[in-house]
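Q: I'm new to this one and would like a close look at a single part. Could you walk me through it?
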Amino acid sequence: FHRISPNNPGCLYNFLSSSPLTMIFKGLVAIAVSSLIAATSSSPVKLIIDTDLGFDVDDVGAISVGHYLQDIGACEIVAILHNTGFPKGIGGVDVLQNYYNSSATLGAYTGPWGSSDAAISSQDSYTSLIESEFPSDVKTYNDVNSAVDSYRRALESQADHSVVIASIGELTNLRDIIKAEPTLFAQKVKSIYYMDGGYNFGCGDSDGSEWSPWLGSTEDCDGA
(Lines give C-alpha, C1' and ligand atoms only; values in the text may rest on other atoms or scores of the structure.)
Protein backbone atom coordinates (compact mmCIF):
# COMPACT_ATOMS: atom_id res chain seq x y z
CA PHE A 1 0.00 0.00 0.00
CA HIS A 2 1.13 3.54 -0.61
CA ARG A 3 0.07 6.87 0.80
CA ILE A 4 0.36 10.09 -1.15
CA SER A 5 -0.89 13.62 -0.62
CA PRO A 6 -2.12 15.37 -3.78
CA ASN A 7 -0.51 18.58 -2.55
CA ASN A 8 2.84 16.90 -1.92
CA PRO A 9 3.44 14.34 -4.71
CA GLY A 10 6.89 13.55 -3.40
CA CYS A 11 5.49 12.38 -0.08
CA LEU A 12 5.16 8.67 -0.91
CA TYR A 13 5.38 5.89 1.62
CA ASN A 14 5.65 2.19 0.89
CA PHE A 15 3.68 0.42 3.60
CA LEU A 16 3.90 -2.97 1.93
CA SER A 17 5.94 -4.23 -1.00
CA SER A 18 4.16 -4.69 -4.33
CA SER A 19 4.06 -8.47 -4.52
CA PRO A 20 1.26 -11.02 -4.86
CA LEU A 21 1.28 -11.41 -1.07
CA THR A 22 -0.19 -7.93 -0.70
CA MET A 23 -3.59 -9.36 -1.69
CA ILE A 24 -3.76 -10.80 1.82
CA PHE A 25 -3.63 -7.31 3.27
CA LYS A 26 -6.17 -5.57 1.05
CA GLY A 27 -8.91 -6.06 3.63
CA LEU A 28 -6.87 -4.02 6.11
CA VAL A 29 -6.85 -0.85 4.03
CA ALA A 30 -10.06 0.56 5.50
CA ILE A 31 -8.68 -0.03 9.00
CA ALA A 32 -5.40 1.62 8.09
CA VAL A 33 -7.07 4.67 6.59
CA SER A 34 -9.53 5.32 9.38
CA SER A 35 -7.31 4.33 12.28
CA LEU A 36 -4.43 6.53 11.17
CA ILE A 37 -6.62 9.57 10.63
CA ALA A 38 -9.25 9.09 13.34
CA ALA A 39 -6.55 8.88 15.99
CA THR A 40 -5.82 12.57 15.43
CA SER A 41 -9.26 13.76 14.39
CA SER A 42 -12.33 14.63 16.43
CA SER A 43 -14.67 14.31 13.44
CA PRO A 44 -15.35 11.31 11.18
CA VAL A 45 -13.01 10.76 8.25
CA LYS A 46 -14.67 11.59 4.92
CA LEU A 47 -13.90 8.38 3.06
CA ILE A 48 -14.18 7.33 -0.60
CA ILE A 49 -13.65 3.62 -1.32
CA ASP A 50 -12.54 2.75 -4.87
CA THR A 51 -12.79 -1.03 -5.29
CA ASP A 52 -12.43 -3.85 -7.82
CA LEU A 53 -14.96 -6.03 -5.97
CA GLY A 54 -15.47 -9.34 -7.77
CA PHE A 55 -12.02 -10.87 -8.14
CA ASP A 56 -11.69 -11.93 -4.52
CA VAL A 57 -13.80 -11.72 -1.39
CA ASP A 58 -11.25 -9.45 0.31
CA ASP A 59 -13.03 -6.39 -1.10
CA VAL A 60 -16.21 -7.48 0.66
CA GLY A 61 -14.23 -7.55 3.89
CA ALA A 62 -12.68 -4.13 3.27
CA ILE A 63 -16.03 -2.50 2.45
CA SER A 64 -17.61 -4.17 5.48
CA VAL A 65 -14.85 -2.84 7.72
CA GLY A 66 -15.48 0.61 6.27
CA HIS A 67 -19.17 0.36 7.13
CA TYR A 68 -18.40 -0.82 10.65
CA LEU A 69 -16.11 2.17 11.13
CA GLN A 70 -18.92 4.37 9.86
CA ASP A 71 -21.32 2.78 12.35
CA ILE A 72 -19.02 3.64 15.27
CA GLY A 73 -18.47 7.18 14.01
CA ALA A 74 -14.86 6.84 12.88
CA CYS A 75 -15.63 7.67 9.26
CA GLU A 76 -18.36 8.74 6.86
CA ILE A 77 -18.38 6.90 3.53
CA VAL A 78 -19.26 9.56 0.98
CA ALA A 79 -18.85 7.38 -2.12
CA ILE A 80 -17.96 3.88 -3.27
CA LEU A 81 -16.71 3.46 -6.84
CA HIS A 82 -16.01 0.32 -8.85
CA ASN A 83 -12.92 0.42 -11.05
CA THR A 84 -13.00 -2.43 -13.59
CA GLY A 85 -15.15 -3.18 -16.65
CA PHE A 86 -17.11 -5.87 -14.78
CA PRO A 87 -20.76 -4.78 -15.15
CA LYS A 88 -22.02 -6.54 -11.99
CA GLY A 89 -19.27 -5.29 -9.70
CA ILE A 90 -21.16 -2.22 -8.53
CA GLY A 91 -24.23 -4.39 -7.94
CA GLY A 92 -22.24 -6.32 -5.37
CA VAL A 93 -21.29 -3.03 -3.75
CA ASP A 94 -24.97 -2.07 -3.57
CA VAL A 95 -25.81 -5.35 -1.82
CA LEU A 96 -23.32 -4.42 0.91
CA GLN A 97 -24.68 -0.88 1.12
CA ASN A 98 -28.19 -2.20 1.65
CA TYR A 99 -27.01 -4.70 4.25
CA TYR A 100 -25.38 -1.91 6.26
CA ASN A 101 -28.24 0.53 5.62
CA SER A 102 -25.85 2.97 3.98
CA SER A 103 -26.50 5.48 1.23
CA ALA A 104 -23.12 6.57 -0.11
CA THR A 105 -22.89 7.78 -3.70
CA LEU A 106 -22.16 4.92 -6.12
CA GLY A 107 -20.38 5.07 -9.47
CA ALA A 108 -18.60 2.75 -11.85
CA TYR A 109 -15.90 2.59 -14.49
CA THR A 110 -17.33 1.38 -17.80
CA GLY A 111 -14.18 1.24 -19.90
CA PRO A 112 -12.49 -1.71 -21.57
CA TRP A 113 -10.11 -2.83 -18.84
CA GLY A 114 -11.32 -6.11 -17.32
CA SER A 115 -14.32 -6.32 -19.66
CA SER A 116 -13.40 -9.36 -21.77
CA ASP A 117 -15.46 -12.53 -21.35
CA ALA A 118 -12.61 -14.28 -19.56
CA ALA A 119 -12.00 -11.33 -17.27
CA ILE A 120 -15.70 -11.02 -16.40
CA SER A 121 -15.86 -14.72 -15.62
CA SER A 122 -12.91 -14.41 -13.25
CA GLN A 123 -14.58 -11.48 -11.47
CA ASP A 124 -17.85 -13.30 -10.85
CA SER A 125 -16.76 -15.67 -8.12
CA TYR A 126 -19.60 -14.55 -5.86
CA THR A 127 -21.19 -11.36 -7.20
CA SER A 128 -24.10 -12.94 -9.10
CA LEU A 129 -24.80 -15.12 -6.06
CA ILE A 130 -25.06 -12.31 -3.54
CA GLU A 131 -27.10 -10.16 -5.94
CA SER A 132 -29.61 -13.02 -6.29
CA GLU A 133 -29.75 -13.75 -2.57
CA PHE A 134 -29.85 -10.22 -1.14
CA PRO A 135 -31.77 -7.04 -2.05
CA SER A 136 -30.11 -4.77 -4.59
CA ASP A 137 -31.65 -2.08 -6.77
CA VAL A 138 -28.36 -1.74 -8.62
CA LYS A 139 -27.59 -4.73 -10.84
CA THR A 140 -24.99 -3.41 -13.29
CA TYR A 141 -22.98 -0.29 -14.01
CA ASN A 142 -25.84 0.88 -16.24
CA ASP A 143 -27.82 1.58 -13.06
CA VAL A 144 -25.37 4.15 -11.63
CA ASN A 145 -23.53 7.24 -12.77
CA SER A 146 -20.04 7.03 -14.20
CA ALA A 147 -17.19 6.91 -11.74
CA VAL A 148 -16.02 10.35 -12.84
CA ASP A 149 -19.45 11.92 -12.33
CA SER A 150 -19.79 10.26 -8.92
CA TYR A 151 -16.29 11.30 -7.88
CA ARG A 152 -17.08 14.85 -8.95
CA ARG A 153 -20.35 14.98 -7.00
CA ALA A 154 -18.80 13.45 -3.89
CA LEU A 155 -15.82 15.82 -3.91
CA GLU A 156 -17.93 18.91 -4.55
CA SER A 157 -20.02 18.13 -1.46
CA GLN A 158 -17.05 18.06 0.91
CA ALA A 159 -14.85 20.66 2.58
CA ASP A 160 -11.44 21.48 1.15
CA HIS A 161 -8.63 19.03 1.95
CA SER A 162 -10.97 16.72 3.86
CA VAL A 163 -11.44 13.62 1.70
CA VAL A 164 -9.45 10.42 2.19
CA ILE A 165 -9.48 7.94 -0.72
CA ALA A 166 -8.87 4.21 -0.21
CA SER A 167 -8.17 2.71 -3.64
CA ILE A 168 -8.13 -1.08 -3.29
CA GLY A 169 -8.15 -2.05 -6.94
CA GLU A 170 -7.10 -0.60 -10.26
CA LEU A 171 -6.24 3.08 -10.61
CA THR A 172 -8.50 3.60 -13.63
CA ASN A 173 -10.97 5.82 -11.78
CA LEU A 174 -8.30 7.88 -10.07
CA ARG A 175 -6.62 8.48 -13.43
CA ASP A 176 -9.89 9.56 -14.99
CA ILE A 177 -11.05 11.96 -12.24
CA ILE A 178 -7.61 13.57 -11.97
CA LYS A 179 -7.57 14.14 -15.72
CA ALA A 180 -11.14 15.45 -15.73
CA GLU A 181 -11.02 17.60 -12.58
CA PRO A 182 -7.41 18.26 -11.51
CA THR A 183 -8.20 21.48 -9.63
CA LEU A 184 -11.21 20.06 -7.80
CA PHE A 185 -9.27 16.93 -6.89
CA ALA A 186 -6.34 18.86 -5.44
CA GLN A 187 -8.71 21.18 -3.59
CA LYS A 188 -10.81 18.51 -1.89
CA VAL A 189 -8.57 15.46 -1.35
CA LYS A 190 -6.49 15.21 1.79
CA SER A 191 -4.72 11.92 1.12
CA ILE A 192 -4.87 8.75 -0.96
CA TYR A 193 -4.13 5.22 0.15
CA TYR A 194 -3.74 2.87 -2.77
CA MET A 195 -2.74 -0.65 -3.72
CA ASP A 196 -1.53 -1.11 -7.26
CA GLY A 197 1.67 -1.23 -9.24
CA GLY A 198 3.17 -4.18 -11.10
CA TYR A 199 1.37 -6.69 -8.87
CA ASN A 200 -2.14 -5.51 -9.61
CA PHE A 201 -2.32 -6.99 -13.12
CA GLY A 202 0.25 -4.53 -14.46
CA CYS A 203 -2.38 -1.79 -14.56
CA GLY A 204 -0.68 0.63 -12.22
CA ASP A 205 2.50 0.98 -14.22
CA SER A 206 1.02 -0.04 -17.60
CA ASP A 207 3.99 -2.25 -18.46
CA GLY A 208 2.09 -5.50 -18.80
CA SER A 209 1.97 -8.71 -16.82
CA GLU A 210 1.19 -12.36 -17.32
CA TRP A 211 -2.48 -11.53 -16.73
CA SER A 212 -2.72 -8.79 -19.33
CA PRO A 213 -3.80 -10.88 -22.35
CA TRP A 214 -7.08 -11.90 -20.75
CA LEU A 215 -7.78 -8.99 -18.43
CA GLY A 216 -7.24 -6.46 -21.17
CA SER A 217 -4.38 -4.56 -22.67
CA THR A 218 -2.51 -2.38 -20.23
CA GLU A 219 -3.11 0.38 -22.78
CA ASP A 220 -6.67 0.39 -21.44
CA CYS A 221 -5.36 1.79 -18.18
CA ASP A 222 -2.41 3.72 -19.57
CA GLY A 223 -1.60 6.65 -17.34
CA ALA A 224 -3.16 5.11 -14.26
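Which residues of H3 are buried?

A: A quick word on the ground rules. This is a predicted model, where local features need pLDDT of at least 70 and side-chain atom pairs count only at pLDDT 80 or more, while totals for chains, interfaces and linings use all residues. Residues are numbered from 1 along each chain as its sequence is written, and side-chain values use heavy atoms, with hydrogens and water left out.

Now to H3. The buried ones are Gly 89, Ile 90, Gly 91, Gly 92, Val 93, Asp 94, Val 95, Leu 96 and Gln 97; buried means under 20% relative accessible area, with a 1.4 Å probe and protein chains only. That's nine of the 11 residues in this helix, which spans 89–99. Helices here are DSSP runs (H or I, at least four residues), strands are E runs of at least two, and both are numbered from the N terminus.

What does the covering? Strand E3 (45–51), helix H2 (58–71), strand E4 (75–82), strand E5 (105–108) and helix H5 (127–133) are included.

Of its 28 residues, Ile 80 and Ile 90 touch the most other members. H3 supplies at least two residues of this core, and so does each of E3, H2, E4, E5 and strand E7 (163–168). Ile 80 has contacts (heavy atoms within 4.5 Å) that include Ile 90, Val 93 and Gln 97.

Definitions and conventions
Buried < 20%, exposed > 50% of the residue type's maximum accessible area, 1.4 Å probe, protein only. Core = buried A, V, L, I, M, F, W, Y, C linked by side-chain atoms within 4.5 Å. Lists of a residue's contacts leave out its neighbours within four places in sequence.
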